[in-house]
Amino acid sequence: QVQLVESGGGLVQPGGSLRLSCAVTRSILTFYDINWYRQAPGKQRELVANVSIASTNIHYADSVKGRFTTSRDNAKNTVILQMNNLKPEDTAVYYCNARSNIIGFKGDYWGQGTQVTVAS
């Protein structure tokens, strides 16, 4: 079983920064694409960013492009979402998702979510 543990959420003022971390509890991050989602109250879950296994493909939602950066360190089993110039509309619960279609590692796993609140 793959477990994802997120940390780094909190309350920040508009224009501020937060750094979310997603730690994978087993040394198998190498086999998984990583997605960051968020869900605001009353809204559908939204894909914010994703990074492929070898970081060869990284994509961002238009709403966060230029402000958010995701990176992964497969050796440390950790994925980072750096969020800069935060806006009130970024307020949501952020989820880390690991997904793989590789034989022997197929699965779709989610972290518990971490709350990000942007308010003055």
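Trainee: In β8, what is the bridge partner of Thr70?

Mentor: Leu81 in β8 is the bridge partner of Thr70, where strands are DSSP E runs of at least two residues, numbered from the N terminus. This is a predicted model, in which local features need pLDDT of at least 70 and side-chain atom pairs count only at pLDDT 80 or more, while totals for chains, interfaces and linings use all residues. Residues are numbered from 1 along each chain as its sequence is written, and side-chain values use heavy atoms, with hydrogens and water left out.

Trainee: How many bridges join β7 to β8?

Mentor: Six bridges join these antiparallel strands, and two strands pair if DSSP finds at least two bridges between them.

Trainee: And what order do the strands of that open sheet have?

Mentor: The four strands run β1-β3-β8-β7 with antiparallel pairing, and β1 (4–7) and β7 (68–73) are the edge strands, each pairing on one side only.

Trainee: Back to Leu81, what is it in contact with?

Mentor: Beyond its neighbours within four places in sequence, Leu81 is in contact (heavy atoms within 4.5 Å) with residues including Leu18, Trp36, Ala49, Phe68 and Tyr94.

Trainee: New topic: which cysteines does the disulfide join?

Mentor: Cys22 and Cys96 are joined, with S to S at 2.0 Å, where a disulfide is a pair of cysteine sulfur atoms within 2.5 Å. Cys22 lies in strand β3 and Cys96 in strand β9, so the pair ties together parts that are 74 residues apart in sequence.

Trainee: Are those two buried or exposed?

Mentor: Both Cys22 and Cys96 are buried, meaning under 20% relative accessible area, with exposed over 50% and partly exposed in between (1.4 Å probe, protein chains only).
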